[in-house]
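Please look over the chain below before reading on. The report then moves from the chain as a whole to a few of its parts.

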Amino acid sequence: MLGEHIPMALLMLLVRLVFIKFPASADEVQMRVAFQGGEEEEEEGKNRKFPEHELGTGSPFFPISHSEAVWENMARMCVKTQRLDVAKICLGNMGHARGAKALREAEQEPEQEARVAVLAIQLGMLEDAERLYKACKRYDLLNKFYQASNQWQKAIETAEAHDRVHLRTTYYNYAKHLEATGEQSLALTHYEKSDTHRFEVPRMLSEDLQALENYVNKMKDKSLWKWWAQYLESQSDMESALKYYTLAQDYFSLVRVHCFRGNVQKAAEIANETGNWAASYHLARQYESQDEIKQAVHFYTRAQAFNNAIRLCKENNLDDQLMNLALLSSPEDMIEAACYYEEKGEQMDRAVMLYHKAGHFSKALELAFATQQFGALQLIAEDLDEKSDPALLARCSDFFIEHAQYEKAMELLLTAKKYHEALQLCLKQNLTITEEMAEKMTVSKDSKDLSEESRRELLEQIADCCMRQGNYHMATKKYTQAGNKLKAMRALLKSGDTEKIVFFAGVSRQREIYIMAANYLQSLDWRKDPEIMKNIISFYTKGRALDLLAGFYDACAQVEIDEYQNYEKAQGALTEAYKCLSKAKTRNPLEQESKLAHLQSKMTLIKRFTHARRVYSEDPKEAVRQCELLLAEQDFDNAIRHGDVLGFLVEHYVQVGEFHMAYRYLEEMQKRIPPMNLSYYVTRQTIEAVHRGVGVPVSQTLVPEQIRHSSMENKEVEEEVADEVEDP
């Protein structure tokens, strides 16, 4: 009794699974009616009244039928409701094994509609399946569906519009269908569209040879021509076969057929004209079988079958041809040919060359040493690199040293990473270290060949050698790589490359290097280049060399006095010098105090002179009195030039008409200043006016007039220098 109730319980559970989620509808009513007894009772089911609590709950009071029609109707409704879990149960109860398997395989599809469409197909609901495939845009499956349902036009349209990846397959399947239905013309067209006509059309037309020949001639396709030629050859129609082989440009087959027919000369012409490897090889085999060795070697070479050509050359003592062939062949063939020459004991240079070309350097060198082939040794050494055997490299370098080939020996030592030996050879033989050689001798920081200390020592030795050879830039580079920036700066200073010196000092940021650069720049004509003056001041300041900077400001002040007679700017430069020197920390405080006192004295005297010239327009007598007092000062010569003060007094007395006083100061000027330099301080007109005033003729030594340094052409330079002094 329990076994009879199990199906009923399962059915009740199934009904609940289907309807518990959805409200009552016409579809559900249909399903319940179908559950009761089939489609013939559907109308009665629609009119039947169900209690409200039974609708949508799957009441156990339903009378349930166990026929397959009920399960099929249930499965069809599952297509509409997309309940695949219920559909599996329905298919199982229907005994629809194929449908259950298809539904199980469809679970791999990501789209729900695609899986439901499989169910619809199995139940014969083709329109629903088509609709579902379109809804989820699975045009590949839709294409297969159309093909399976014999809707070829729709399948092709779908493939052309949405599924082009399967377009050729669709054409091919349609062509197979057309061929099966006897529509060969349409099938041929679609085989062409699927690009399978080269095989399928000859197969399809194999029973109609005339139609097949017409098709081959019409298509003008090399593959079809070749196929047809092979067919004709199989039928012993050699003339026609040759015609179609020619059209197909199948030179190998042409040569093969001509050789078969005994027309070897024609075959040789084709092989030579076309250069086809297969044709040449076949012809070479023919010539070899006929003992025409030279022709066989020639065509083996054209076919690039060098090993066969080499074999024939060795067997027939064709040594000259053997060498050429070996050089064109593989390394294995080269070594084989080299062994042949070595065993014969003749033409050992060829053996050395072949071993070398094959990459067997050790054997090539051994044979070259044994036979004293120096030219070959040089060629071999050029191809040696860091991957070569170090012992081999050392042996080669010793050989070149013995024969005074020092540069070649040095290159080999560097290749063998024997840097110290290479450097010693360079020093001993006074070889010039080129940039390339220096770079080869430079060991990188992460190298395991040398320790860091040894690496730095080697770099300094290279730099020392470059210094002795006058290659200061290379020495600078190597000293820098060794971490010795002071030596690098000294080497750069010797080069005299101002631009690089300034740059190197800027990037080094070391006190000593700043000072060295500033000292070097002071040796240049900084008076005419404001940029150099800027760098001098900057480097002394960065190097904290305030005493040296003070000396430079003092020199600037002297330039302003000597070159431009600009005591105001000189006063500013001396003020800066005093500030720097007072801040400087020197080893000798007494000397520092003495220098400060000297600067203070100069500043005081210059200040008095500039004051006198400034107040001259307001109080000439006071200005003259101050100048006369300055002439009596003890340190006057160290601060102010006599010519400037005396010239000032001469000009004054000429203007006021006191020519005797002017003459007296002019005579004193002549005692202190060479006559040729008088025009620096007083004009020629003033000198002549003084002499006329006292009635004394002008001396000839006073006639030449010198060009004054305060001319207009120097005005711009004067202003630039003044700006640098005032704004360090």
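This is a predicted model: local features need pLDDT of at least 70, side-chain atom pairs count only at pLDDT 80 or more; totals for chains, interfaces and linings use all residues.

Residues are numbered from 1 along each chain as its sequence is written, and side-chain values use heavy atoms, with hydrogens and water left out.

The secondary structure comes to 45 helices and zero strands, where helices (H or I, at least four residues) and strands (E, at least two) are DSSP runs numbered from the N terminus. Of the 728 residues in the chain, 43% are buried, a term that stands for under 20% relative accessible area with a 1.4 Å probe, counting protein chains only. Among contacts (heavy atoms within 4.5 Å) with a separation of 6 or more, 46% join residues 24 or more positions apart.

Two helix pairs can be set side by side, using axes fitted to C-alpha atoms over the stretch in contact and angles from 0 to 180 degrees between N-to-C directions.

| Helix pair | Axes come within | Crossing angle |
|---|---|---|
| α22 (residues 319–328) and α23 (residues 331–344) | 9 Å | roughly 150° |
| α18 and α19 | 10 Å | roughly 145° |

The crossing of α18 and α19 is left-handed, meaning that the near helix is turned anticlockwise from the far one by less than a right angle. This contact is made by V264, A267, A268 and A271 of α18 together with S280, L283 and Y287 of α19.

α22 likewise passes α23 in a left-handed crossing, and these two helices are therefore roughly antiparallel to each other, the word used for angles over 145 degrees. D319, L322, M323, A326 and L327 of α22 meet M334, A337, Y340, Y341 and K344 of α23.

Helix α20 (residues 293–302) has I293, A296, V297, F299 and Y300 buried, and the buried residues of α20 pack against α18 (264–274), α19 (277–289), α21 (306–315) and α22. After α20 comes Q304, whose phi is positive, near 60°.

Is E130 buried or exposed? E130 is buried, because its relative accessible area is 14%. Apart from neighbours within four places in sequence, E130 is in contact with L142, F145, Y146 and K154.

Definitions and conventions: Angles under 35 degrees count as roughly parallel, over 145 as roughly antiparallel, 65 to 115 as roughly perpendicular and the rest as oblique. Buried means under 20% relative accessible area, exposed over 50%, partly exposed in between (1.4 Å probe, protein chains only).
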